[in-house]
Amino acid sequence: MRVIVAKDYDEMSRKAADLVISLMQEKPQLKFGLATGSTPEGLYKNLIKANKEGEINFKYASSVNLDEYVGIDKQNDQSYQYFMNDRLFDHVDIDKSKTHLPFAPEADEKYAKEYDELLDNFGPRDIQVLGIGPNGHVAFNEPDEKLNQRTSIIKLTDETIKANSRFFDSEDEVPKYAVSMGMGDAFNAKTLVVMASGKNKHDAVKRLLEEDTIYPQFPASFLKLHPNVYLFVDEEAYNG
Ligand code: PGA
């Protein structure tokens, strides 16, 4: 795992963007795995800027996303579909028909299976963008005795509902379930671009870097098995 420490969020986002931009320049038909949340917003802003300035284009790129809330309309401004349109897809020259997110109107595993089929057809990604939760979750794979390899419907933990309530009017409005890629699919990319910013990620970053063990109660620990991980952190996440 290569660790890149930046002085703040903006610098972290720029450094992550520099890597993504160079990989896009090498391979225009790049297959992305994308993530939502506060962490990748700065990366996406840098990619939009590079696209507008002609440094990169998304014309031949395609993407899959890690996860989505269950029972939320795609047009709802809290949906991850909305987030991706608003923070990236609407502002770059990507063909939206080549961008994919899981979708589950209700908590039924059949929607997870549908996404697995889509992932199988899509194939391995070139880059997967990942955040890590304060509790070490990856996508919505929460700490547990067992982790899923493939897509499934996940009951969110109280900790994640609390963390995500900042985007909603109240904690009650946060959906209780999500549909999420499993650990096998989340890591099925040549290069993992992992980012963590701010003091509330310090414990997770410290555990990831200092512990030498891999265990499902800390899903991020499985990053140690991947041969090509870049971990971009800011000083607050690195030093606490
Ligand atoms: P965040 O979420 O980027 O909004 O902090 C990351 C995560 O919980 O995986």
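A polar contact is a pair of N or O atoms within 3.5 Å, and in this predicted model a polar side-chain atom of Thr39 lies 2.4 Å from an oxygen atom of the ligand, so that this pair falls under the cut-off of the definition. A polar side-chain atom of Arg166 is likewise placed 3.1 Å from an oxygen atom of the ligand, whereas for Ser38 a backbone N or O atom is found 2.9 Å from an oxygen atom of the ligand. Taken alone, the ligand exposes 280 Å², of which the protein buries 82%.

The residues surrounding the ligand are Gly37, Ser38, Thr39, Gly131, Ile132, Gly133, His137, Arg166 and Lys201. When this shell is sorted by class, one residue is nonpolar, six are polar and two are charged. The space that the ligand takes is the largest pocket.

With regard to the chain, an unreviewed UniProt entry carries the annotation "domain: Glucosamine/galactosamine-6-phosphate isomerase", which covers residues 12-224. Within the model, the end C-alpha atoms of residues 12-224 lie 21 Å apart, and the span consists of 32% helix and 17% strand.

Note on methods: Residues numbered from 1 in each chain as written. Predicted model: local features only at pLDDT ≥ 70, side-chain atom pairs only at ≥ 80, totals over all residues. Heavy atoms only, no water. Near = heavy atom within 4 Å. Polar contact = N/O pair within 3.5 Å; in protein donor to acceptor, adjacent residues only side chain to side chain. Areas by Shrake-Rupley, 256 points an atom, 1.4 Å probe, with all protein chains shown as cover. 1 Å grid on protein atoms, 1.4 Å probe; cavity = no way out; pocket = protein on both sides within 12 Å on 5 of 7 lines; lining within 4 Å. Sits in = over half its atoms within 2 Å of the grid points. Nonpolar A, V, L, I, M, F, W, Y, C, P; charged D, E, K, R; others polar. UniProt positions renumbered as here; feature names shortened; annotations may be inferred. Helix = DSSP H or I, 4+ residues; strand = E, 2+ residues; numbered from the N terminus.
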